[in-house]
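Hi,

Here is the structure I promised to pass on. My notes on helix packing and charged pairs follow below it.

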Amino acid sequence: MRHIISILLENEAGALSRVSGLFSARAYNIESLTVAPTEDSSLSRMTIVSVGSDDVIEQITKQLNKLIEVVKVVDLSEAPHVERELMLLKVRATGKDREEMKRIADIFRGRIIDVTESTYVIELTGNNAKLDAFLEAIGEELILETVRTGVCGVGRGDRILKV
């Protein structure tokens, strides 16, 4: 099962390395990882997407809580949450494909953020399924380059990750 683990940790050198090292040392795979400072400059928020049984995720959570830099760990997948990912996509856009690219981007609520004579760069946010559907709609032959940020998420309602 896919889990989104959100971690609040001290913003100091080596913290990211110790967390990712914990996963690799136990042969757990990280599908995506995002990290950035929070509103408190001494803390960072890390979001990790991993696949595993509930028992495996429970073990990961216990191990993460043992790390000195880790302040709090939450599995967002356990309750209602909102998740998003950003994708930048460079596509071939010449001739009749130019209008089709604009149309598909509009349907998926994407924005064309760069235009040249032969390419568009499209910005799109959404969950994994939406981004994958967009890639499928465009077709592999027109895609020149793809960059995805990885998932970031937040619990819905009163559920917050704070000290």
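Is arginine 148 buried, exposed or partly exposed? Arginine 148 counts as partly exposed, because its relative accessibility is 30% (buried is under 20% relative accessible area, exposed over 50%, partly exposed in between, with a 1.4 Å probe and protein chains only).

Before the rest, some housekeeping. This is a predicted model, where local features need pLDDT of at least 70 and side-chain atom pairs count only at pLDDT 80 or more, while totals for chains, interfaces and linings use all residues. Residues are numbered from 1 along each chain as its sequence is written, and side-chain values use heavy atoms, with hydrogens and water left out.

Back to arginine 148: it forms a salt bridge with glutamate 85, with the closest N and O atoms 3.0 Å apart (a salt bridge being a side-chain nitrogen of Lys or Arg within 4 Å of a carboxyl oxygen of Asp or Glu). Arginine 148 lies in strand S8 and glutamate 85 in strand S5, so the pair ties together parts 63 residues apart in sequence (strands are DSSP runs of E, at least two residues, and helices of H or I, at least four, numbered from the N terminus). Glutamate 85 is buried, at 8% relative accessibility. Asp132 joins Glu85 and Arg148 in a network of salt bridges.

Now helix H3. Asp97, Met101, Ile104 and Ala105 are buried there, whereas Lys96, Glu99, Asp106 and Ile107 are exposed on the other side. Glutamate 99 also forms a salt bridge with lysine 102, at 3.7 Å between the closest N and O atoms.

Cheers
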